[in-house]
Amino acid sequence: MIFLTFFIGIIANFIGYIPPGNINLTLVQITINRGIKEAVRFITAFSAVEFFFTYFIMHAARWLSGQLQLNTVIDWIMVVLFGVMGYITWIHRNKPPKANYSEHASIKYGILLGFLNPMQVPFWMVTGTYLITHEWILDGRVALVIFSLGSAAGAFLCLFIYAKFAKYIQERFALSTRLINTSIAILFFAFAMYHIVKQVYLSFFKH
């Protein structure tokens, strides 16, 4: 049962990080601009925070699912987050990558984004409630620790594959950092606009 709980955690969070979002797009940017070594540092730090993040959200999943305004709050947080990250990426799109980076820069960034990760809240609200309700996992303390360890491992595995794929694409097609940064900035702005349009639709057109 312990192994199954761990494995479910890996699969659930691996799937959770497949769709493009602020985390994996930031990782692609770090991989391209700073190299795979810095990307691994970012992933390791982020995954460590993901353990605690998952454990907390899984404990609160049922309560959070009953908060009617939570999704609206998360959407507007994502608008700000995507907008800021898009702006920063856009204004730095023409700057060449630095030759050297602080050993702790990517680690600090990974920790920061580990806590600023509102997209995972609705994911675990749905996934966590489903898994516990259908008894795929137990909701005891030990079971949730094991599940959270699997979740951290799943995040690490998915993001590591993202980093390797980003490096492969850059080398295979000789893409410039300017093109990649510009593309990522546009995606950030597009995601921000998506959340704005979603909230406008829910507020004024859906009855």
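User: How many salt bridges does the structure hold?

Analyst: This is a predicted model, and two salt bridges are found in it.

User: Which residue forms a salt bridge with R41, and how far apart are the closest N and O atoms?

Analyst: The partner of R41 is E38, with the closest N and O atoms 2.8 Å apart. To read such a pair, one considers the geometry of the helix. An α-helix has 3.6 residues a turn, so residues three or four places apart point the same way. In this case both R41 and E38 belong to helix α3 (residues 36-65), where they are three residues apart, about one turn of the helix. E38 counts as buried because its relative accessibility is 8%.

User: What does K198 form a salt bridge with, and where do the two residues lie?

Analyst: K198 pairs with D75, and their closest N and O atoms are 3.3 Å apart. As for accessibility, D75 is buried at 4%, whereas K198 is partly exposed at 30%.

User: How should I read a helix, and what is the span of α6 from its first C-alpha to its last?

Analyst: One sets the span beside the value expected at 1.5 Å a residue. Helix α6 (residues 120-133) has 14 residues and spans 19 Å, which is close to the expected 20 Å. The buried residues of α6 include V121, W124, M125, L131 and I132. After α6 comes E135, with a positive phi near 60 degrees.

User: Where in the protein chain is confidence lowest, and where is it highest?

Analyst: The lowest confidence belongs to α6, with a mean of 79, and the highest to helix α7 (residues 141-173), at 91. Over the protein chain the mean pLDDT is 84, and 91% of the residues reach 70 or more.

User: How does separation along the chain compare with separation in space for H59 and D139?

Analyst: The two separations have to be read side by side. H59 and D139 are 80 residues apart in sequence, and their C-alpha atoms are 7.7 Å apart in space. H59 is part of helix α3, and its relative accessibility of 46% makes it partly exposed.

User: What separates the C-alpha atoms of Y168 and S203?

Analyst: Y168 and S203 are 35 residues apart along the chain, and their C-alpha atoms are separated by 43 Å. Y168 lies in helix α7 and is partly exposed, at 47% relative accessibility. A further case is V197 in helix α8: V197 and F42 are 155 residues apart along the chain, with 31 Å between their C-alpha atoms. V197 has a relative accessible area of 49%, and therefore counts as partly exposed.

Note on methods:
Residues are numbered from 1 along each chain as its sequence is written. This is a predicted model: local features need pLDDT of at least 70, side-chain atom pairs count only at pLDDT 80 or more; totals for chains, interfaces and linings use all residues. Side-chain values use heavy atoms; hydrogens and water are left out. Helices (H or I, at least four residues) and strands (E, at least two) are DSSP runs, numbered from the N terminus. The expected span of a helix is 1.5 Å times one less than its number of residues. Buried means under 20% relative accessible area, exposed over 50%, partly exposed in between (1.4 Å probe, protein chains only). A salt bridge is a side-chain nitrogen of Lys or Arg within 4 Å of a carboxyl oxygen of Asp or Glu. pLDDT is the predictor's confidence in each residue, from 0 to 100.
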